[in-house]
Amino acid sequence: MKLLTFSVDGKARPGVLKGDRVIDLAAAGLPAGPNGGLIEIVRGGDAMLDRARKALDDPNAKSYELSKVKVLPPIRQPSKIVAIGLNYIDHCKETGLPVPTVPVPFSKFTTSVCGPYDDIVWPLSVTKEVDYEVELGVVIGKTALNVPEAKALDYVFGYTVVNDISARDLQFVGARQWDRSKSFDTFCPYGPYIVTKDEIPDPHVLQVRTILNGKEMQNSNTKNLIFNVPRIIAHLSQGTTLLPGDLIPTGTPGGVGFRRTPPVFLKDGDECVCEVEGIGAIRNRMRPR
Ligand code: ZN
């Protein structure tokens, strides 16, 4: 299923995609999380998914045309967003950093979340070198602590598309930690759906692409991940509890803007599309202030 959070008449609620329509899961009796989001459905596990599937199969379920609703971020405030850096060899090479031997995690503050079609906004007084990074996003489905790799996929709820927006002029200054440069408000657009994992039996065969103003900038495949999804979950969950709804952007392939000749940075009016095969695409307009 492709689950989403959407609003009509200003009221946010969970939904499931059916062709070009959205079934209203709140009207079908499923719980809406804060901001109408999917968190309660994720926490509810298989029992909740069964209810969503029933609503999907019900010909009388209340629904809306997808083109007439506003699509919101699937979960506006997950307990955490733990991203993985340097997880494709071509991206390590273009950044001039060594290929890591263990996953390289960093946080994006949860206030950086925005919707799949929202504007990306940043203060030009703080950063002028803003860049895109298409990533497969993993959404955790069950509380995970000290999970072995062999069991790690059991803890996945589904997959989504993330653009890990990054301020390059802040990323490599000072102590070179990345959290602030990747955590401005709106720097974590994601969605448009969380695709449940039954629809993506193998997350390591998916094409990932970025198209900036109609021009392809990144094009790779999740088969090229240095650390795959089970390895990432096993690594992150050693001593740290992952909670349902937590978002893990898994890293970006080569082709980012700041290492191009000449460098490409996002500017006012640019339209950046990030897509992952089998999930969909997010599309954001750049609006620096
Ligand atoms: Zn990234």
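Predicted model: local features only at pLDDT ≥ 70, side-chain atom pairs only at ≥ 80, totals over all residues.

**Entry 1: an arginine**

I placed R51 in helix α1, which covers residues 39-57. I also checked G33, 18 residues away from R51 along the chain, and found 16 Å between the two C-alpha atoms.

**Entry 2: the zinc ion**

Next I went to the metal. I found E133 (OE), E135 (OE) and D164 (OD) as the protein donors of the zinc ion, at 1.9 to 2.1 Å from it. Along the sequence, I wrote the spacing of these donor residues as E-x1-E-x28-D. E133 sits in the loop between β9 (130-131) and β10 (134-140), and D164 in the loop between β11 (156-163) and β12 (166-167), so this pair ties together parts that lie 31 residues apart in sequence. I looked up burial too, and both E133 and D164 are buried.

**Entry 3: aromatic rings**

How many aromatic pairs does a search of the whole structure find? I got 5. In one of them, W122 and F187, the ring centres are 6.4 Å apart and the planes meet at 70°, so I call the pair edge-to-face. W122 is in the loop between β8 (113-114) and β9, while F187 is in the loop between α3 (168-171) and β13; the two are 65 residues apart, and their pair links distant parts of the chain. F184 and F187 have centres 5.4 Å apart and planes at 75°, so that pair is edge-to-face as well. I noted W122, F184 and F187 as one aromatic cluster. The relative accessible area is 2% for W122, 14% for F184 and 0% for F187. Because buried means under 20%, W122 counts as buried, and so do F184 and F187.

**Entry 4: nonpolar cores**

F187 came up again. The largest nonpolar core has 53 residues, and F187, I233, I248, L266 and I279 touch the most other members. Among the elements that each supply at least two residues of this core are β1 (2-8), β13 (188-196) and α4 (229-236). Apart from this core I found another, of 26 residues, including V16, I75, V113 and V162.

Notes
Residues numbered from 1 in each chain as written. Heavy atoms only, no water. Donors = N, O, S within 2.8 Å, 3.2 Å for Na, K, Ca; no water. Helix = DSSP H or I, 4+ residues; strand = E, 2+ residues; numbered from the N terminus. Buried < 20%, exposed > 50% of the residue type's maximum accessible area, 1.4 Å probe, protein only. Core = buried A, V, L, I, M, F, W, Y, C linked by side-chain atoms within 4.5 Å. Phe/Tyr/Trp six-rings, centres within 6.5 Å; stacked < 30°, edge-to-face > 60°.
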